[in-house]
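Here is a short briefing on one protein model. It takes the fold, the salt bridges and the aromatic rings in turn.

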Amino acid sequence: MVTPEVSRPPLVDDMLRFALHWLPYGGGSAGDILVEFGISECEFFRRVLRVVRESEPPPACSVATWRQLGLLCVARIGREHD
């Protein structure tokens with residue numbers, strides 16, 4: 001179930017901004033994610049995917065872009081298991 005727009009913790013907003021910024025390029029590098037957020041690439045994309053699945057896109061983000069972000073997250077999570 002999708003919830004209405006809610007206030008998210010600042011770190012989650014930072015993660016979404018980062019992910020959306022790098023979306024056209026296939027997401028940020030594992031190294032950039034580690035330096036910026038202190039977590040693995042897989043954990044980063046798991047957290048972003050959880051937000052994408054549980055909430056509406058932010059006002060500046062189209063539904064299509066939000067869906068594309070979800071697909072990128074799934075792909076990047078899957079890459080770690082290859």
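## Briefing

Trp22 is partly exposed, at 29% relative accessibility; that class lies between buried (under 20% relative accessible area) and exposed (over 50%), with a 1.4 Å probe and protein chains only. The model is predicted, so local features need pLDDT of at least 70 and side-chain atom pairs count only at pLDDT 80 or more, while totals for chains, interfaces and linings use all residues. Residues are numbered from 1 along each chain as its sequence is written, and side-chain values use heavy atoms, with hydrogens and water left out.

**Fold and surface**

- The protein has four helices and zero strands. Helices (H or I, at least four residues) and strands (E, at least two) are DSSP runs, numbered from the N terminus.
- Along the sequence the pattern reads α-α-α-α.
- The protein has 82 residues, and 37% of them count as buried.
- Contact means heavy atoms within 4.5 Å. Among contacts between residues at least 6 apart in sequence, 67% join residues at least 24 apart.

**Helix α3**

- Helix α3 covers residues 41–54, 14 residues in total.
- From first C-alpha to last, α3 reaches 20 Å, close to the 20 Å expected at 1.5 Å a residue. The expected span is 1.5 Å times one less than the number of residues.
- Buried residues in α3 are Glu41, Cys42, Phe44, Phe45, Val48, Leu49, Val51 and Val52.

**Salt bridges**

- The structure holds four salt bridges. Each is a side-chain nitrogen of Lys or Arg within 4 Å of a carboxyl oxygen of Asp or Glu.
- Side chains of opposite charge can pair when their charged atoms come close.
- Asp14 bridges to Arg17, with the closest N and O atoms 2.6 Å apart. Both lie in helix α1 (residues 10–22), three residues apart, about one turn of the helix.
- Asp14 is partly exposed at 35% relative accessible area. Arg17 is exposed at 53%.
- Glu43 meets Arg46 in a salt bridge at 3.9 Å, N to O. The two sit three residues apart in α3, about one turn.
- Glu43 also forms a salt bridge with Arg47, with the closest N and O atoms 2.9 Å apart. Here the spacing within α3 is four residues, again about one turn.
- Shared partners join Glu43, Arg46 and Arg47 into one salt-bridge network.
- An α-helix has 3.6 residues a turn, so residues three or four places apart point the same way.
- Glu43 is partly exposed at 24%. Arg46 is partly exposed at 36%, and Arg47 is partly exposed at 30%.

**Aromatic rings**

- The structure holds six aromatic pairs. Rings of Phe, Tyr and Trp (its six-membered ring) pair if their centres lie within 6.5 Å; planes under 30 degrees apart count as stacked, over 60 as edge-to-face and the rest as tilted.
- Phe18 and Phe44 pair edge-to-face, at 5.6 Å centre to centre and 80° between the planes.
- This pair links distant parts of the chain, with Phe18 in α1 and Phe44 in α3, 26 residues apart. Phe18 and Phe44 are both buried.
- Trp22 and Tyr25 have ring centres 5.7 Å apart and planes at 65°, so this pair is edge-to-face.
- Tyr25 is exposed, with a relative accessible area of 60%.
- Phe18, Trp22, Tyr25, Phe37, Phe44 and Phe45 form one aromatic cluster.
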